[in-house]
Amino acid sequence: MTSSGKTRVLILGGGYVGLYTAWGLQKQLGNVPLDITVLEPNPYMTYQPLLPEVAGGHVLSSDVAVNLRRTLKKCHVLRGELASLDCEARTAEALLMGGKRETLTYDHVVFALGAITRVFPTPGLEEHAVGFKTIEEADYVRNTMLNNVALAAATSDPEVRRRALTFVFIGGGYTGVEAMAELHDLSKTAIKDYPELEEKDLTWVLVEALDRVAQEVGPELSEWTLQRLRERGIDVRLKTTMKSCEDSVVELSDGDKLPSGLIVWTAGVTPNPVLDKTNVPRGPKGHVNANTRMQVIREDESVVEGTWAAGDNAQIPNLTEEKQPAYYPPNAQNAVRQAKLLARNIAAAVRGEEIREYRHKSLGALAEFGVGKGAANIRGLKLRGLPAWLAHRAYHGMALPTFNRKWRVITRWLTDAVAKPNVSSLAAVENPRRDFVEGLREQREQRERQDREKKQDG
């Protein structure tokens, strides 16, 4: 405890679990004396389910970024990364913004570090592909696609045009399908501004190692989604993998080679490697090992006192499934609910009260594939097309954290319904000093020319 008698709670990560756990603990401060610290490298939490809509231009990237300091006003929000942590000593070392190192001691710690994009040692992947898990990646993918359309219109070289207008997504889960569908629609809109181009010039390829896409919505809707994607002209390759993408040429396991203007990797996630800097007990796939109460446990199932975990970096048993062992999938639906219960459990533990198990029967899955298009399986009720899309927007409109964020996104949707889509590329923001530096160089060269001319005249 602190000198003031407050129990110290350290929350590692500011994503779903980090934000909602801290938020829940804030509400307990009137009943429980707590000192809450959140350690997170970014100043915001990203509402990831709407990243495809960011790429599609329906909402702004800032609309899905929840400011941590503004939301967690009664917490200490530290911008930095975890350098090390000892669960037995209950100490952590953080590398803060600016390079300062700080030792943090705690009574309770929450592992809410989330997951990162899972990758393989595929030749060319690091140099030429991009993920789709962050705001920055969603913006980059959108801008690159729009830039490539402009490049294709400006060139007379058919090979350059073909490469520029070939877009490949690796991974056919609902993230990949949603993002590709949104961008596919946007590309068809953007190409109308260029009389030199036609829709048939566009090549969209979705590569999936399994025998189905969007498997999260169930077999029947997965098959329906596959048919709709192919009807839209998207080339879906099932039971196929990418062998390499050196020089931005995607080589597939079926032998095809595709020179590509954009390669997006959406082939799953893996626990945050920052966990390697700790001695927290972990399961066979690298997740933090926890029980149904979200307490971290050792291999012998003994509890590591004061240590908790939830969300994508945790392995939480799912006792609602008939077939055991089973664990909750890494999705927002579980992360938010786990975090809310986790906040109550920590408060209960501090008060010496009983803590509860996390049990949640899935509500189903929602996926949107562009305006008016989607698939949803809600407690066995299967929706397709417009009804599924409306359900998707209704759910996320309610689920967005903070009233301010809900208002911004919903007003964007309303504006989007009556206004033409924005197809402007803002790729220049990725190199904001370019014009300034080029201006300096040109003026320096101009002065040098003038000096040489003066010398010649003299």
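Tyr 20 and Trp 23 sit three residues apart in helix α1 (residues 16–26), so about one helical turn separates them. Helices here are DSSP runs of H or I with at least four residues, strands are runs of E with at least two, and both are numbered from the N terminus.

This is a predicted model: local features need pLDDT of at least 70, side-chain atom pairs count only at pLDDT 80 or more, and totals for chains, interfaces and linings use all residues. Residues are numbered from 1 along each chain as its sequence is written, and side-chain values use heavy atoms, with hydrogens and water left out.

**Aromatic rings**

Rings of Phe, Tyr and Trp (its six-membered ring) pair if their centres lie within 6.5 Å; planes under 30 degrees apart count as stacked, over 60 as edge-to-face and the rest as tilted. The count by this rule is six aromatic pairs. Two of them are tabulated.

| Pair | Centre to centre | Angle between planes | Class |
|---|---|---|---|
| Tyr 20 and Trp 23 | 5.6 Å | 50 degrees | tilted |
| Phe 169 and Trp 204 | 6.4 Å | 35 degrees | tilted |

Tyr 20 is buried, at 8% relative accessible area. Buried means under 20%, exposed over 50%, and partly exposed in between (1.4 Å probe, protein chains only). Trp 23 also has Lys 27 over its face, at 5.5 Å from the ring centre. For such a contact, NZ of Lys or CZ of Arg must be within 6 Å of the ring centre and within 35 degrees of the ring normal.

The Phe 169 and Trp 204 pair links distant parts of the chain. Phe 169 lies in strand β11 (residues 166–170) and Trp 204 in strand β12 (residues 203–207), 35 residues apart. Both Phe 169 and Trp 204 are buried. With Phe 167, they form one aromatic cluster.

**Open sheets**

Strands β6, β7 and β8 form an open antiparallel sheet in the order β6-β7-β8. Two strands pair if DSSP finds at least two bridges between them. β6 (80–86) and β8 (101–105) are the edges; each has a single partner strand, so one side of each lacks a neighbour in the sheet. Six bridges join β6 to antiparallel β7 (residues 91–96). Leu 85 stands opposite Ala 92 in β7.

A further open antiparallel sheet has three strands in the order β23-β24-β25. Its edges are β23 (364–368) and β25 (381–384), each with a single partner strand, so one side of each is left without a neighbour in the sheet. Five bridges join β23 to antiparallel β24 (residues 374–378). Ala 365 has Asn 377 in β24 as its bridge partner.
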